[in-house]
Each structure stands twice: as C-alpha cells, then as structure tokens.
Amino acid sequence: MINVQKTGTLLLLVMSNLMFCRSVHPLPICPGGNCQMPLQELFDRVIMLSHYIYMLSADMFIELDKQYAQDHEFIAKAISDCPTSSLATPEGKEEAQQVPPEVLLNLILSLVHSWNDPLFQLVTEVDGIHEASDAIISRAKEIGEQNKRLLEGIEKILGQAYPEAKGNEVYSVWSQFPSLQGVDEESRDLAIYNKIRCLRRDSHKVDNYLKLLRCRIVHNNNC
Amino acid sequence: MPSALAFIFLFLNISLLNGQSPPGKPEIHKCRSPDKETFTCWWNPGTDGGLPTNYSLTYSKEGEKTTHECPDYKTSGPNSCFFSKQYTSIWKIYIITVNATNQMGSSASDPLYVDVTYIVEPEPPRNLTLEVKQLKDKKMYLWIKWSPPTITDVKTGWFTMEYEIRLKSEEADEWETHFTGQQTHFKVFDLYPGQKYFVQTRCKPDHGYWSRWGQENSIEIPNDFTLKNTTVWIIVAILSAVICLIMVWAVALKGYSMMTCIFPPVPGPKIKGFDTHLLEKGKSEELLTALGCQDFPPTSDSEDLLVEFLEVDDSEDVQLMPSHSKEYPGQGVKPTHLDPDNDSGHGSYDSHSLLSEKCEEPQVYPPAFHIPDIIEKPENPEANLPPTQDAQCSIPYFHADVSKSSTWPLLPGQHMTRSPYHSIADVCKLAGGPVDTLTSFLDKAGKNVLKYSKTLETEEEKVAGQEKKSFHSETKQNTSQPLLQENAPIVYAKPPDYVEIHKVNKNGVLSLFPKQKENDQAEKPGVPETSKEYAKVSGVTDDDILVLVPDSQVQNTALFGESAKKAPPSLEQNQSEKDLASFAAASSNCRLQLGRLDYLDPTCFMHSFH
C-alpha cells in the first residue's frame, strides 16, 4: 500500500519534472558558440579594478601624509627612486601613444606583478608602528587581492586581442625595496612613506594606461 | 671687533629706519594642471621691503639634481609660473621654490613638492544646452547636454572626465545636484511645468579636483499640453451643458410658439359650434344637437326653422332662435367671422377656442370663417387663444352658415330653406358618420359660402352705388321695400323677443321690424310704416338669446334686395380660388355693426346653397 503510494508520487514527480524540463529552454551563454567576453566589457571590468586599486592606494597615502604634513625635510629625505622605475614605462601621453598596445599591456602586467611581494611586506612592516597602521594594513591587503584579479583580466585581454604577444612579460631585474629589518625608526618611516608613494603612483599609471588602451582599442581614439 | 659689530648694527638700524629691508618670504600657494599636460604655480609675494623686488621660481625634479628656472612667468598672470608641455613630466615630483630678491636681500619660499598627477583641476564644461523633450507617453523631461572643456584630451582616454549638473527652479533656494558619470548628457524628469529652471555643470578628472561651476543656463518648462488641453475641454463641456440647459428651458417655455413658428399647423376645416369633445366622447346626440339638428333625419318642418331663426353674430356666441330656442337649447349659431387670414392656422385654433369658449365673448374674438375641424383634437389649446376665452361656455357653435337659418330677407330665386337645411341635414347626417366625410362636407360648405361671399361682395358694391341714387329719391325705400318684403323673412311670433329683420342698410345696420308685424308681412311686399329698428341690444338671455330693442337712430338705407337679384348671374362665375379672398371682404360687408355686437347677414351666404 505504502509502496504503491510512494511509487505513485515518484512517478508524478518524474512526470512533472519532465514536463517542466520540456518547457525550459536553456539559454545559450555564448551566442554562436564562441564563449568570449567582448573586449569592451573586459576593459571595463579591468579599468574598474584599476580604478579601485588606485583609490585604495591614494587613501593609504593620505592617511600617512597626515602625520608628516608640511614636514618638508622629512619628505625631502623620503623621496627616492621607486624600484619599478627601471621598467621602461612611458612617462607621458605622447610616449604612451607611441608604444604598441600589446607592449603596453605587457608592461602593465609586469608593473602589477612587481607589487605582489612589496605589498605583502608592507603589511608586516606597518603593523603596530603607526597610528593609522590598521587603515594601511587593510588597504594593503585589499590591494593585494585586487591586483590578482587585475592580472587575470589583463591576461585575458592579451589573450583575446593580442594572443601572439601573450607571455612576453618583461621580467626585468629590478631593485627591490630595502629591507626594514634592523632599521631605525626614522629610516623605517621614510621607507614606508616612499613605498606608499610609489604604490600610489604605479597604480595611477596602470589605471591611466588601461584607459588609454581602452579608448585606443575599443573606441578607436574616440572616447 | 666690537666696533665692527657696532658698525653692522648701526648699518642695519639705518636701513631699518629707512624702511628698506630684504623681501619677505614668498609663498607658493597653488599649483594646478588643467589637462595633465601643463601646469601653473602661483605664489604670494611677501613684503617687498620697500624696494623693488624680483621674484624667481626655481625647480628641480625628482631624481635630478639640476635646478631650473621657471620657463614662463607671463602666461598665467603675475606671480605665476607656467610650465608648458615640454617642461611637464607626469609621475614625477617637482620641487619648486620661489625666490624674492631686492636690493637689500633675498628670501626664498619653502619648497613645494608637486606631482602633476595629483594637481589636476580642469576648466568647467562648455556648450551647455537645455531642451525640453517629450517621451512617447507625452511625459516631458529636460534634456541637458554639454561638452568637455577644450584643452582636455578626453578622446584618447588620457583624460577621463566625470561630470556633475545642478539645477534649481526660479523659486527654489537650493540646488539639486546630480552626478552624471562620464556621459555628457542628462535627462531630468518631473519638473514643474510653467517654471523657469537654472542649470549648471562642472567636471572633474577621474583623479583630481572639481572644476568651478560653469555658465548658468536657464529654460522655462512649458505648461503640460495634455493637462491644459484637458482643462480646456472641461470648460468647454461645462459651457455647452449650461447652454443646452438654457435652450431646453427656453424651448419649454416658448416651445409651442416656436413650433408654430417653425411648423405652422395645417389649417383644417372648422365648424363653429361643433364640439369635438362631444365627438370624442361619442355622444352623437349631443353633437347633433350642438350642430343644430333637431332630429335625424330632418323633417319638413326644417324649412320653417330656417326662416325663423335669426342669425346674430356677436363676437362669440349669441344667437336668436325664435321658436326653436327650446328645441335647440343652447344652440349658438354664430355668423361666421371672416378672417382675413383665412388660410392661416387660425382655423384650427379658433375651433378649439370656439368649442371651449365662453358664452359671452367680447368682440376681441378674431373674426374668421371657421369650419371647425372636427377631426382635429384640441391641440395646444392654450396657444393662440383669444384673450378672453371663457371655458365655461358649453354651447358649441356651428360656424358655418350652412346651419344658419335666419330671418333675413330671402333673395329672389332662392330657397333659403333648402340649401341651408340641406347643409344642416347633411351636417346632421355626417355628424353621426365618419368624421372625415363631415370634414369634407364642411369644406364643401365652406367653399359654397365662400362662393356666396364673393357674389355678395359684388352685390354690395352695386348696392352702394345704387343706394346713393335711391336714397334721395326713396326715403321710404319703396323700390327696395318690395324686394325686401318679398324676401321678408317669416318670423315666428311666439317668442316675444324676436323681431323681423327688415333689411340691411348701407352701413350694415340691421333694420328690424317689430315682431307683431311679422305675420302680416310674411312674403308680402309692403312698405313698413314704421321703420323702427331693433338695433340696440338690451341684453342676452340665459339661453344666449339676443334681446333687441328698437333704436330709432338707425336708418334703413340698404338696398340689399336689388343687389341680391343680380347675384345669381354672377354667382356662376365664381371660382373657388377667389372665394377665399373675396369672401373675406364680403363677410366684412355682411357684418353689421350694431352697438357692440357684430351681426353677420346670413343672406350673404345664402347663394352658396344653391
């Protein structure tokens, strides 16, 4: 008796499922079978990331700069070359427009890549030192996370738009940030200040280059 | 040594006392880049120390040790330094210092560390346009459009601009701000129609400072067309409803007159004295009695009736019924009133009025020859009635002379008794019969009367002509008398009130004989010795019988008989078409004015019965 009931309900369920399934037409994700995100959308997503990363690094710098506001001597001492300056990144609009897009994309990739380790180090260096260390640490962690996504996105663009140039990342030996082990407080502060300054600059560069590339590749210089 | 110091102090004091001193420390207060490709720095000069002071700006870049001077002091105004494209490096820190130098000394400002990337402040947007547009569903919105400032390079993507607009109505105090992102247009919905709005825009680089607010533009939102249209339609509907109400009210009040104006009722035959009410009720006996039918079918006594009955036509309802007043009580045989406008619709109206009129009606009653339209039911009895209609009069009046029997002198060759009586008989027959035949008969009778009237008219003229001749010669009217006497009506002597109508004089005055002489004069030509004329009405009895009294003022001048002789030949010539017009004239001639009462000579219409 119960078995009959069970089988009955089971059959009913199966039948209803079949009926429902018949009425459901699966939507094709990729029209024409070519599952690829359009380039414009890729760029938009990437630029959103880069913009966000820049905003984080800018906030980080402002937090730090509050402590040394108008301390010209300190600032004068702190400013030193960023390690990433060895990368031959274009220094102006005209330069950037002369660089081929795939080369520029690869440069961007290298730039973003180069910040993975320093960011990781920054978290340990800042911890407990400054009053604004919590804000700096959280942002540093966030930037680290977003950088990974940014790298994925740029690699996708490369693979879609310039597949032949993929893998041509420049792995130049660049100078690294000085280690802060066993360094006095002032030197440590100066080093941190410089690092964050360089981070802000490099994220701005990435953002700017990507926006240039978007207008160049997607909108044909007619943004 | 101490003297040297003293000299130095003295020198300083002297210089101070002179008011001259080295310049104060200048200060760079702002550096801005409008397009991320050039930038300008402004400084505030310090005190000049009373001496002309030179300012110079020096800078060095990050990583470089060389110091450069400002390439352009002019472009951006006084106390400024403009760095053109070739001197601008982005992503590099500039260390800028301003030096003030005068004769006394110089001073330098604090160095400023400037990265062009972060000092971008663009110009405000330009070409701000405002337009009011409509969606498909008639919804209105404000379409705001603008362009980025000229020098920024947005097209290549080097410069990414974000915009903001703000708007407020004329009456509002605060601005309403909207961030528009990177688009250079914006739609604003839900604006108040009829109000003026002010709009401003500003822009900002993706990473930089907001520009100042641009040129203010204003636009007036037009009134919502649909709303206005609806209001107009509501007003139109209300006005038309009011007008309709007024028209309905006017029609209700004066509808009858308007209807008669537009659709004049067709005149129908009228029989005076014919009561359609009785007909409707189906009381044929009463109807017949009203018509003047003693019995049905008529008997041979009818001939006498014709002779004996005096037709008196006062304005409404009086008749003289000598012997048959008892038999035909309340019969009001009216001489017809000829209506000049006989073909108008008065006929129907008058029938109603007659049927329902009072027994005592003044002369205001419109004189008309009416054959009452028996078919017609009282239509709009209230309209076109004589002003003094008295509804209590129950005596129906038979207008047509067909039923009149009169004491008028009979014209030679006429059988007065027959034709009227024929008419009466026919009328009596028809009264019980179908209504339409009666109507046709009445029409026919009317036509006959019309014919008769025309002859009468001619006769009257002749009478008038002859009267002059005969008047002088015949004071006693001998020639006329025999004729008259021939046709002297027989008057019954039974009722004391009845008199014999002697003649009708020129003026239409009734000449009456006293009743005692009637028998003597019946069909005898003779000269009446007395020519008393009963022309004065003493009163009206209850039976609507006119009581006449002698009046010596009236003279006998009528030579009616002579003219009557000539009637027959001309009678044949009458045509029905002319009758109507002539009849009217004849009837007026037939009418005798006696006192306040109108008497219509029935002999006028006697010819028609042959």
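1. Ring pairs join F39(B), Y59(B), F83(B) and Y94(B) into a cluster. This is a predicted model, and the points below should be read with that in mind. Over all chains, the structure holds 14 aromatic pairs.

2. One pair spans two helices of chain A. F61(A) and Y193(A) form a tilted aromatic pair, with 5.4 Å centre to centre and 50° between the planes. F61(A) sits in helix α2 of chain A and Y193(A) in helix α8 of chain A, so that the pair links parts of the chain 132 residues apart. Both F61(A) and Y193(A) are buried.

3. Two charged side chains lie over ring faces. R200(A) is placed over the face of Y118(B), 3.4 Å from the ring centre. K36(B) lies over the face of F159(B), at 5.8 Å from the ring centre.

4. Where does the annotated binding site fall? The UniProt annotation "binding site", from an unreviewed entry, covers H51(A) and D207(A). Although they span 157 residues in sequence, no two of their C-alpha atoms are more than 5.9 Å apart, so they gather at one spot. H51(A) belongs to helix α2 (residues 39-65) of chain A, while D207(A) belongs to helix α8 (residues 185-218) of chain A.

5. H51(A) is partly exposed, with a relative accessible area of 22%, whereas D207(A) is buried, at 1%. Not counting residues up to four places away in sequence, H51(A) touches D207(A), K211(A), D206(B) and H207(B). With its neighbours within four places set aside, D207(A) is in contact with I47(A), S50(A), H51(A), D206(B) and H207(B).

6. In chain A, the side chains of K77(A) and E186(A) meet in one of them, at 3.3 Å from N to O. K77(A) is in helix α3 (residues 72-78) of chain A and E186(A) in helix α8 of chain A, so this pair ties together parts that are 109 residues apart in sequence. K77(A) counts as exposed at 52% relative accessibility, and E186(A) as partly exposed at 41%.

7. In chain B, E121(B) forms a salt bridge with R32(B), their closest N and O atoms being 2.7 Å apart. E121(B) lies in the loop between β8 (112-115) and β9 (126-134) of chain B and R32(B) in strand β1 (residues 27-32) of chain B, so parts 89 residues apart in sequence are tied together. E121(B) is partly exposed, with a relative accessible area of 23%.

8. K85(B) forms a salt bridge with E37(B), with 3.0 Å between the closest N and O atoms. K85(B) is in the loop between β5 and β6 (93-101) of chain B and E37(B) in the loop between β1 and β2 (39-44) of chain B, so the pair ties together parts 48 residues apart in sequence. K85(B) is partly exposed at 46%, while E37(B) counts as buried at 7% relative accessibility. Salt bridges that share partners join K93(A), E37(B), K85(B) and D153(B) into one network.

9. UniProt (unreviewed entry) places a "transmembrane region" at residues 232-253 of chain B. In the model this span is 100% helix and 0% strand, and its end C-alpha atoms lie 32 Å apart.

Note on methods
Residues are numbered from 1 along each chain as its sequence is written. Chains are lettered from A and ligands numbered from 1 in the order in which they are written. This is a predicted model: local features need pLDDT of at least 70, side-chain atom pairs count only at pLDDT 80 or more; totals for chains, interfaces and linings use all residues. Side-chain values use heavy atoms; hydrogens and water are left out. UniProt positions are given in the numbering used here, feature names are shortened, and annotations may be inferred rather than shown by experiment. Helices (H or I, at least four residues) and strands (E, at least two) are DSSP runs, numbered from the N terminus. Buried means under 20% relative accessible area, exposed over 50%, partly exposed in between (1.4 Å probe, protein chains only). Contact means heavy atoms within 4.5 Å. Rings of Phe, Tyr and Trp (its six-membered ring) pair if their centres lie within 6.5 Å; planes under 30 degrees apart count as stacked, over 60 as edge-to-face and the rest as tilted. A charge sits over a ring if NZ of Lys or CZ of Arg is within 6 Å of the ring centre and within 35 degrees of the ring normal. A salt bridge is a side-chain nitrogen of Lys or Arg within 4 Å of a carboxyl oxygen of Asp or Glu.
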